[in-house]
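Biologist: Before we discuss the packing, please show me the sequence and the model.

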Amino acid sequence: MLKTQAFTCRMAPFWKSVEDMSYFKSLDSPIIRPFPDLPSMAARYRQLTTTMTKNFKLLYCGQQLYVQDIYMDESDTHKYQLIWDINKAQRLIQQHQLPIDTIAIQHILPSIDHSKLTPAHLSVQKAKDNTPIIIVELTLTNQFVLIDGNHRVFSRFQHRINADIPCYLLTYDMMLQALADPKFVQLYQMHHNLYVIANYMFGNIPDVSYDSSERNRKIRLYDI
């Protein structure tokens, strides 16, 4: 049976502030060099996100999803959501034979979704469950996001089992592939492009590249 997952994208006003450069006036860093294509790029992103907000619905067949809010500034006004398909992530882990890693509990506590915690599932047995959790690293917001394993992590914290926990840390490419719809990939790539361009304008990187074979994500721009 098809279901619809709610989706939030409040990005059009943000891209307008990038387009008219008022966004950069709110930042502390001085602009060292211009990026002439940025206003037209931001205008295109504004149109894309406006259309997406009006027309997009995520349909799914009951598989487990994880929703994460991504904020573009210090306020909670400008944000979009990324939604991962956990079943897809698990298939990618098997397909690529991703090795099991470990992560300290304190690094992922901030990403626990407390609204989805069920008290009956917060047991000592759950705390001792060593099934690896699944996490992604979002370098744009400097955070680890726990997309599968909410109860295992919180149970360990609640029962003071604060040692490292087994995990699968998805690679950057797998993180994008596990998103529930290509629209989410596009949203993240828009965010990524702004991050790279801003670093170029602030003088933190010497150049940018539209070359799709470029492996250095710090300078690579996506063609959207």
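Modeller: Contact here means heavy atoms within 4.5 Å, and helices (H or I, at least four residues) and strands (E, at least two) are DSSP runs numbered from the N terminus. This is a predicted model in which local features need pLDDT of at least 70 and side-chain atom pairs count only at pLDDT 80 or more, while totals for chains, interfaces and linings use all residues. Residues are numbered from 1 along each chain as its sequence is written, and side-chain values use heavy atoms, with hydrogens and water left out.

Biologist: Against which helices do the buried residues of α1 pack?

Modeller: A residue is buried under 20% relative accessible area, exposed over 50% and partly exposed in between (1.4 Å probe, protein chains only). In α1 the buried residues are Phe 14, Trp 15, Ser 17 and Val 18. Down the axis of α1 they fall within an arc of 155°, and therefore line one face of the helix; the arc is that of the directions from the helix axis to the C-beta atoms. Their packing partners are α2 (22–25), α3 and α9 (182–201).

Biologist: How are α1 and α3 oriented to each other, parallel or antiparallel?

Modeller: Helix α1 covers residues 12–19 and helix α3 residues 38–55; they pack with their axes 8 Å apart, at an angle of about 170°. Axes are lines fitted to C-alpha atoms, for helices over the stretch in contact, and angles between N-to-C directions run from 0 to 180 degrees. Angles under 35 degrees count as roughly parallel, 65 to 115 as roughly perpendicular, over 145 as roughly antiparallel and the rest as oblique. The two helices, α1 and α3, are therefore roughly antiparallel.

Biologist: How many nonpolar residues are in the contact of α1 with α3?

Modeller: From α1, Ala 12, Trp 15, Lys 16, Val 18 and Glu 19 meet Leu 38, Pro 39, Ala 42, Ala 43, Tyr 45, Arg 46, Thr 49 and Thr 50 of α3. Ala, Val, Leu, Ile, Met, Phe, Trp, Tyr, Cys and Pro count as nonpolar, Asp, Glu, Lys and Arg as charged, and the others, Gly among them, as polar. By class, this contact has two polar and three charged residues, and its nonpolar residues number eight.

Biologist: Which residue of β5 is the bridge partner of Leu 65?

Modeller: Strand β5 (residues 79–85) runs antiparallel to β4 and is joined to it by seven bridges. Within β5, Gln 81 is the partner of Asp 69. For Leu 65, the partner is Asp 85.

Biologist: How many residues of β5 are buried?

Modeller: Lys 79, Gln 81, Ile 83 and Asp 85 point one way from the strand, and Tyr 80, Leu 82 and Trp 84 point the other way. Both groups are buried. Of the seven residues in β5, the number buried is seven.

Biologist: Which strands are at the edges of the four-stranded sheet?

Modeller: This open sheet has mixed pairing and the order β6-β9-β7-β8. Its twist averages 50° from one strand to the next. The strands that pair on one side only are β6 (101–103) and β8 (143–148).

Biologist: How far apart in space are Val 196 and Leu 140?

Modeller: Val 196 belongs to helix α9 and is buried, with a relative accessible area of 0%. Beyond four places in sequence, its contacts include Ile 205, Val 208 and Leu 221. Val 196 and Leu 140 are 56 residues apart in sequence, and their C-alpha to C-alpha distance is 9.6 Å.

Conventions:
Pairing = 2+ DSSP bridges.
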